[in-house]
Amino acid sequence: MKLAMIGLGKMGGNMTRRLLKGGHQVVVFDPRPEAVETAARQGAAASASIAELVGKLEAPRAVWLMVPAGDITENAVTEVAAHLEPGDVVIDGGNSNYKDSIRRGALLEQQGIHFVDVGTSGGIWGLTEGYSMMVGGTETAVRHIRPALETLAPAPDRGWGHVGPTGSGHFVKMVHNGIEYGLMQAYAEGFEILRAKEDFALDVHQIAEIWRFGSVVRSWLLDLAANALAEDADLSGIKGWVADSGEGRWTVFEAIDQDVPAPVITLSLMMRFASRQPDSYAAKLLAALRNQFGGHAVKRED
């Protein structure tokens, strides 16, 4: 299959390499010439513009976007669509909000262009392990890009699926990331409890390795935790500041909209916010209140 890839960051670049290794022809474009040159050395056909990229494809064309969600994706979809024809396919493999994907799909449908939203998981490991892909769109569009999906997945029949209409792929990926927040928070809290029991002098890396095999809490996230703890069990070189990409927030918003209780995911999101407050005003007020009603001691700043 011949398709285009726009966006050659870590994920897009690795996906391009996997497609090339799988025997696909890939035309690439990225605003950074050095990224295009790297992909070209690996066997991709380089393009200096989106217009040139589309011109190197045969109808029905398939253009895959791996760019940040928001205005960048919006602008890329609009520009790409201006060069496409009815029957062509635009694929958004980034972390777009599913509501944006529904809207973009409807707009492209008016031009006769298919839109496929692919929630993609796998990170930097996807190149070797394959990507988990949650695909939304029409049967016709998904059938057309199926060879690429089968190559990118861990196996042709495993790790990917057509989950529903336009928007559903990004919706499922959103919930996937919300669950990820909760899992990560549980591991983080558990290992902190282990370290806090100083009289046992527990080796947290050893425990992570034990749990990786046979335990009901084994997972790929635990494997990654074990890797991190093997490098430095004290995590001394890492600041406890945790970002969120936005999908955890969207999952919480959706839970509220659907009247679905999601306390674990919601609290895990709140804990990420807490990690960014080295000097929490709320904590100060709690201390002051305890002092006011109970005379409890407060720690004063130097």
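I started at S275, whose side chain reaches the backbone nitrogen of V242 at 2.9 Å. A reminder to myself: this is a predicted model, and what I note here is computed from it.

Where does S275 sit? I found S275 in the loop between helix 12 (263-274) and helix 13 (281-294). I then looked up its contacts, leaving aside neighbours within four places in sequence, and got G240, W241 and V242.

Next I turned to a helix pair. How do helix 1 and helix 7 lie relative to each other? Their axes, for residues 10-21 and residues 139-152, come within 9 Å and cross at roughly 105°. Angles of 65 to 115 degrees count as roughly perpendicular, so helix 1 and helix 7 are roughly perpendicular to each other. On the helix 1 side I listed M15, R18 and L19, which meet A148, T151 and L152 in helix 7. By type, the residues of this contact divide into four nonpolar, one polar and one charged.

Then I checked the backbone. Which peptide bond is cis? The bond from A59 to P60 is, with omega near -5°. P60 is in the loop between helix 3 (50-55) and strand 4 (62-65). L235 belongs to the loop between helix 10 (220-231) and helix 11 (247-257).

My last entry is the second largest pocket, which holds about 320 Å³ of space. Which residues line this pocket? I wrote down D279, S280, A283, K284, A287, A288, N291, V298, K299, R300 and E301. Sorted by type, the lining has five charged, four nonpolar and two polar residues. Among the lining residues are K284, K299 and R300, along with D279 and E301.

Terms used
Residues numbered from 1 in each chain as written. Predicted model: local features only at pLDDT ≥ 70, side-chain atom pairs only at ≥ 80, totals over all residues. Heavy atoms only, no water. 1 Å grid on protein atoms, 1.4 Å probe; cavity = no way out; pocket = protein on both sides within 12 Å on 5 of 7 lines; lining within 4 Å. Points joined across faces, edges and corners; volume = space filled by probe spheres on them. Nonpolar A, V, L, I, M, F, W, Y, C, P; charged D, E, K, R; others polar. Helix = DSSP H or I, 4+ residues; strand = E, 2+ residues; numbered from the N terminus. Polar contact = N/O pair within 3.5 Å; in protein donor to acceptor, adjacent residues only side chain to side chain. Contact = heavy atoms within 4.5 Å. Axes fitted to C-alpha atoms, helices over the stretch in contact; angles between N-to-C directions. Parallel < 35°, antiparallel > 145°, perpendicular 65-115°, else oblique.
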